[in-house]
Amino acid sequence: MFLICFQTKLDSGKWVYTEEEIAMIRDKRIALLHLFFENGDFGFYHTHLCDTYREQAFYYAKKHDEINTLKHLQLASEHAIKFISSMDEKRTSLIFRDMQGESFATGNSDNDACKLLKKMEHKVFD
């Protein structure tokens, strides 16, 4: 599956997308993953959801939107935990049905939960 970061610059040095457009693209990434994994059996893709929700939380915090900031922080933390706890589960979603979960080490100090905590140290979350 293919997920792209759209924060690139044109040759002129201008951003390809505005911050608002990048936030809309992140929402589309979330929706796309939910479309593929309709039963919530994301496996490794919990990490993509955690990253995306974390960046959405940062975006909303910069806009002083407390409700959406907290909502996205909560979702990021849920996916960080689910990533660690659900790696060996079999898939039940239609496209990936009966595929075994990935084997992936998550015990180091640079896991999604740690990245989320580090991101939350930014002053935008004060």
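This is a predicted model: local features need pLDDT of at least 70, side-chain atom pairs count only at pLDDT 80 or more; totals for chains, interfaces and linings use all residues.

**Entry 1, the whole chain.** I looked up the secondary structure and found four helices and zero strands in the protein chain, which reads along the sequence as α-α-α-α. The chain has 126 residues, of which 35% count as buried, and it exposes about 8200 Å², with carbon and sulfur atoms supplying 57% of that area. Taking the contacts with a separation of 6 or more, I noted that residues 24 or more positions apart account for 57% of them.

I recorded helix α1 as residues 19–36, its axis coming within 10 Å of that of α2 and crossing it at roughly 150°. Angles over 145 degrees count as roughly antiparallel, and α1 and α2 are therefore roughly antiparallel to each other. Their crossing is left-handed. On the α1 side I listed residues including Glu19, Glu20, Ala23, Arg26, Ile30 and Leu33, which meet a set in α2 that includes His48, Leu49, Tyr53, Glu55, Tyr59 and Lys62. By class, I noted six nonpolar, four polar and seven charged residues in this contact.

How close do the axes of α2 and α3 come, and at what angle do they cross? I found that the axes of α2 (residues 46–62) and α3 (residues 66–85) come within 8 Å and cross at roughly 160°, and α2 and α3 are therefore roughly antiparallel to each other. Here too I noted the hand, with α2 passing α3 in a left-handed crossing. Among the α2 residues in this contact are Leu49, Cys50, Tyr53, Ala57, Tyr60 and Ala61, while the α3 residues they meet as a group include Leu73, Leu75, Ala76, Ala80 and Phe83. By class, this contact has 11 nonpolar, seven polar and two charged residues.

In the loop between α1 and α2 I looked up glycine 43, which is buried, with a relative accessible area of 2%. Its C-alpha atom is separated by 9.0 Å from that of serine 85, although the two residues are 42 residues apart along the chain. In the loop between α2 and α3 I turned to histidine 64, which counts as exposed at 70% relative accessibility. Its phi is near 60°, a positive value in a residue other than glycine, and I wrote this down because most residues other than glycine have a negative phi.

Is glutamate 55 buried, partly exposed or exposed? At 25% relative accessibility, I recorded glutamate 55 as partly exposed. Leaving aside its neighbours within four places in sequence, I found glutamate 55 in contact with Arg26 and Lys119. Arg26 is one of the α1 residues listed in the contact with α2.

Conventions:
Residues are numbered from 1 along each chain as its sequence is written. Side-chain values use heavy atoms; hydrogens and water are left out. Axes are lines fitted to C-alpha atoms, for helices over the stretch in contact, and angles run from 0 to 180 degrees between N-to-C directions. Helices (H or I, at least four residues) and strands (E, at least two) are DSSP runs, numbered from the N terminus. Angles under 35 degrees count as roughly parallel, over 145 as roughly antiparallel, 65 to 115 as roughly perpendicular and the rest as oblique. A crossing is left-handed if the near helix is turned anticlockwise from the far one by less than a right angle, and right-handed if clockwise. Contact means heavy atoms within 4.5 Å. Ala, Val, Leu, Ile, Met, Phe, Trp, Tyr, Cys and Pro count as nonpolar, Asp, Glu, Lys and Arg as charged, and the others, Gly among them, as polar. Buried means under 20% relative accessible area, exposed over 50%, partly exposed in between (1.4 Å probe, protein chains only). Accessible areas come from the Shrake-Rupley method with a 1.4 Å probe; for residues, only the protein chains shown count as cover.
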